[in-house]
Amino acid sequence: MTARYDNLTRTRALDPERDYLSIYQTMLRYEFPWDMKLGLNLAFNRSFSLPEIAAVHTATGELTERTQKRIDDTGVLMYEMVLNGFDQFRGREALRRINQIHRPYGISNDHYLYVLACLIIIPTRWLDRYAWRRLCCHERRATYLFYRELGQRMAITDIPGSYDEIEAWFDAYDATHLQPNDDAAAIERATRQLMLNRIPPVLAPLGNTLVSAMYDDNLRAATRVATAVWPVRAGLHAGLRTRARILRWFGKPRATPRFSDGIKTKTYPDGYEIGKLGPAPNDAPGRPNPDTVSPDSRDATGSR
């Protein structure tokens, strides 16, 4: 049991204001690799379901027609930034590519901020509920600071000043703007298989119901997904809580960090070039709406 908390002891000795990247890397690579991947998947699912964002994705076909590649591209770019930070070459290149991909679209600041908030709040809530232990204050602060830095380098403005503040902003915005829409329903149908792949084979017959049970009421309504029957919801909750207790009492610290052999995906089993991730140049839409985003507000380097 003492060794189980070694990483937490080291984290508590760090300063999250200075060491937020190291703390967040430890969370992803050692402490909660499975839970954080699932939490990030749920965060992206939610952000893709906001009506205005869903409309962009269905118009391009990136999530409905090239689903696996689009999800893999998103994951690779995110993990490159986490593994390398924003100042190392690969992290800078990943951020540059993210800004290049998003620049042609008329995405408002609030929509960018909503995606950022999803990446902070949704995985954190999952970890607090179902991981083998709850996050400490350093880990919560480090999560917020990592994504605040990402947001600032994407020229997102008006980012709330703390985890608690962005959580309050997220809840208010989500309750008002995450509304039922056909585009979100189409994206959910296309991406559901990726969630099903995370269901243990023994539970495969219940896969679709279990995926639905992972969603909260707001997300189910937005994506027009039926509420799972209560025995499945209760069983999923009990199973995840039991898993957390087993890992807490009998698990051992991860010896080999996640991604120690690189980032492997179905789309790129033999590697990838960061600059070629995302949609092809000829898939880009027309110029953005000048009323929603300034053409010069997000340059190719991620600086403001």
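Reader: Leaving aside neighbours within four places in sequence, which residues is Arg4 in contact with?
Author: This is a predicted model, by the way. Arg4 sits in the segment before α1 (6-12). Once its neighbours within four places in sequence are set aside, the residues in contact with Arg4 are Trp132, Leu247, Arg248, Gly251, Lys252 and Pro253.

Reader: Which backbone oxygen lies 2.9 Å from a polar atom of the Arg4 side chain?
Author: Two residues from that contact list come up here. The Arg4 side chain reaches the backbone oxygen of Gly251 at 3.4 Å. At 2.9 Å from a polar atom of that side chain is the backbone oxygen of Leu247.

Reader: How far from Arg4 is the nearest side chain of opposite charge?
Author: Arg4 is buried, yet has no salt bridge. A salt bridge needs the charged atoms within 4 Å.

Reader: Is Asp158 buried or exposed?
Author: Asp158 belongs to the loop between α8 and α9, and Ala155 is found in that loop too. Ala155 has a positive phi of about 65 degrees, and Asp158 has a positive one near 60 degrees. Ala155 is buried, with a relative accessible area of 12%. Asp158, with a relative accessible area of 67%, is exposed.

Reader: How many of the 18 residues of α5 are buried?
Author: Helix α5 covers residues 67-84 and reaches 26 Å from its first C-alpha to its last. Gly85, with a positive phi near 75 degrees, follows the helix. α5 is largely enclosed by the rest of the structure, because the number of its 18 residues that are buried is 13.

Terms used. Residues are numbered from 1 along each chain as its sequence is written. This is a predicted model: local features need pLDDT of at least 70, side-chain atom pairs count only at pLDDT 80 or more; totals for chains, interfaces and linings use all residues. Side-chain values use heavy atoms; hydrogens and water are left out. Helices (H or I, at least four residues) and strands (E, at least two) are DSSP runs, numbered from the N terminus. The expected span of a helix is 1.5 Å times one less than its number of residues. Buried means under 20% relative accessible area, exposed over 50%, partly exposed in between (1.4 Å probe, protein chains only). Lys and Arg count as positive and Asp and Glu as negative; His and the chain ends are not counted. A polar contact is a pair of N or O atoms within 3.5 Å; within protein, one must be able to donate a hydrogen and the other to accept it, and residues adjacent in sequence count only if both atoms are side-chain atoms. Contact means heavy atoms within 4.5 Å.
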